[in-house]
Amino acid sequence: MTRLGTLYGLGVGPGDPELLTLKAARILGQVDTVFAASSSKNDYSIAAAIVAPHLPATAAVTRLPFPMTRDDAALATAWAANAAAMAAVLADGRDAAFITLGDPLLYSTFGYVLPLLRALLPDLPVVVVPGITSFQAAAARTGQVLVESGENLLIASGVDEDGRLRRALAEADNAVILKAYRSFPQLRTMLGELGLAQGTTFVTRLGHKGEAVERRLDMAPEKPHYLSLCLIKRGQT
Ligand SMILES: C[C@@]1(CC(=O)O)C2=NC(=C\c3[nH]c(c(CCC(=O)O)c3CC(=O)O)Cc3[nH]c(c(CC(=O)O)c3CCC(=O)O)/C=C3\N/C(=C\2)[C@@H](CCC(=O)O)[C@]3(C)CC(=O)O)/[C@H]1CCC(=O)O
Ligand SMILES: C[S@@+](CC[C@H](N)C(=O)[O-])C[C@H]1O[C@@H](n2cnc3c(N)ncnc32)[C@H](O)[C@@H]1O
């Protein structure tokens with residue numbers, strides 16, 4: 001029986017190719033195949049663009065289309081097809097890297113294909129290489145202390161439809177809100193009502209064309225780009 005290849009889940013950081021780990025860069029140079037998740041709504045992989053300077057000239061990136069929708073049936077179909085495409089390579093004994101924006105275990109497509117692959121290939125060797133998350137890089141960019149001493153840090157999604165985010169923010173010392181693009185006007189109003197507007201920094205497209213940091217929440221765009229987040233520190237006036 002052919003030995004299974006190894007699957008590497010590689011975090012590539014939020015944008016700046018220098019924020020890739022040495023380990024991820026080394027593995028990119030060694031694997032047989034590089035898979036990149038990309039939105040099936042466009043023809044582009046952000047993660048593939050980030051790793052481009054680190055890829056050997058001969059390496060090709062295979063894009064796996066993810067629908068980027070909340071339609072469960074469409075998601076299940078795409079995840080199954082993508083897992084099958086990866087399994088075919090790994091079952092043939094070839095090593096493969098799955099590259100993903102930021103960290104592969106934080107709001108990541110990798111988190112959806114991994115259990116499917118484990119079901120298809122129970123003995124699959126998997127190595128996950130952490131990536132610098134968007135909010136860590138945003139804190140570094142703005143020089144903001146995320147959390148200290150006995151404080152807690154909430155990591156939340158701005159895609160919130162049942163009031164859970166408001167309740168969590170009311171309790172949190174500090175917070176980061178990813179996916180801040182969606183319903184941003186409502187998010188902005190809520191942060192104002194909770195007394196958190198002054199302590200919020202809006203960061204968009206970090207490490208990409210169009211990068212911007214906005215310390216005044218009222219100056220942030222009504223319809224931000226998908227790559228937007230908020231850093232929130234309680235007690236700022
Ligand atoms: C439904 C929706 C809401 C939501 O975020 O929950 C959603 N993505 C939306 C939009 C969107 N996403 C992306 C763009 C292109 C931006 C551009 O290109 O400029 C756009 C904008 C667009 O398409 O218009 C790119 C992207 N998305 C993820 C990564 C990281 C990665 O690779 O893993 C990358 C970088 C990939 C790369 O490297 O290129 C990851 C995730 N996105 C998911 C869902 C989950 C997987 C769903 C699946 O399996 O299909 C997951 C894992 C998050 C999770 O589940 O936590 C929302 C629908 C619109 C809406 O309703 O508002
Ligand atoms: C699907 S999550 C991916 C998170 C990623 N795995 C990480 O470790 O940061 C996408 C969200 O991450 C944030 N994000 C990712 N890259 C970003 C960037 N370069 N600039 C600003 N926000 C970013 C945004 O909030 C975006 O909506």
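This briefing looks at how the protein surrounds its two ligands. The model is predicted, so please read every distance and area below as a computed value. Ligand 1 has 26 residues around it, and ligand 2 has 18. Domain 1 (7-129) and domain 2 (134-233) each give at least three residues to the shell around ligand 1, and each of them also gives at least three to the shell around ligand 2.

**Where the ligands sit**

- Ligand 1 is found in the largest pocket.
- The largest pocket is also the space that ligand 2 takes up.

**Ligand 1: the shell**

- Among the 26 surrounding residues, the closest are Ile46, Trp79, Thr109, Tyr112 and Arg182.
- Sorted by class, the shell around ligand 1 holds 14 nonpolar, eight polar and four charged residues.
- Three secondary-structure elements, namely strand S2 (33-39), helix H2 (46-51) and helix H3 (72-91), supply at least two shell residues each.

- Isoleucine 46, one of the closest residues, places a backbone N or O atom 2.7 Å from an oxygen atom of ligand 1.
- Methionine 68 also makes a backbone contact: one of its backbone N or O atoms is 2.8 Å from a ligand 1 oxygen atom.
- Threonine 100 uses its side chain instead, with a polar atom 3.0 Å from an oxygen atom of ligand 1.
- On its own, ligand 1 has 1,100 Å² of accessible area, and the protein covers 84% of that.

**Ligand 2: the shell**

- Leu106, Ser134, Lys179, Tyr226 and Ser228 are the closest of the 18 residues around ligand 2.
- The class breakdown for this shell is 10 nonpolar, five polar and three charged residues.

**Ligand 2: polar contacts and cover**

- Serine 134, listed among the closest residues, has a polar side-chain atom 2.7 Å from an oxygen atom of ligand 2.
- Aspartate 103 takes part through its backbone, with an N or O atom 2.8 Å from a ligand 2 oxygen atom.
- Proline 14 contributes a polar backbone atom that lies 2.9 Å from a nitrogen atom of ligand 2.
- The protein covers 96% of the 570 Å² of accessible area that ligand 2 has on its own.

Definitions and conventions: Residues numbered from 1 in each chain as written. Chains lettered and ligands numbered in written order. Predicted model: local features only at pLDDT ≥ 70, side-chain atom pairs only at ≥ 80, totals over all residues. Heavy atoms only, no water. Near = heavy atom within 4 Å. Polar contact = N/O pair within 3.5 Å; in protein donor to acceptor, adjacent residues only side chain to side chain. Areas by Shrake-Rupley, 256 points an atom, 1.4 Å probe, with all protein chains shown as cover. 1 Å grid on protein atoms, 1.4 Å probe; cavity = no way out; pocket = protein on both sides within 12 Å on 5 of 7 lines; lining within 4 Å. Sits in = over half its atoms within 2 Å of the grid points. Helix = DSSP H or I, 4+ residues; strand = E, 2+ residues; numbered from the N terminus. Nonpolar A, V, L, I, M, F, W, Y, C, P; charged D, E, K, R; others polar. Domains from an automatic or database assignment.
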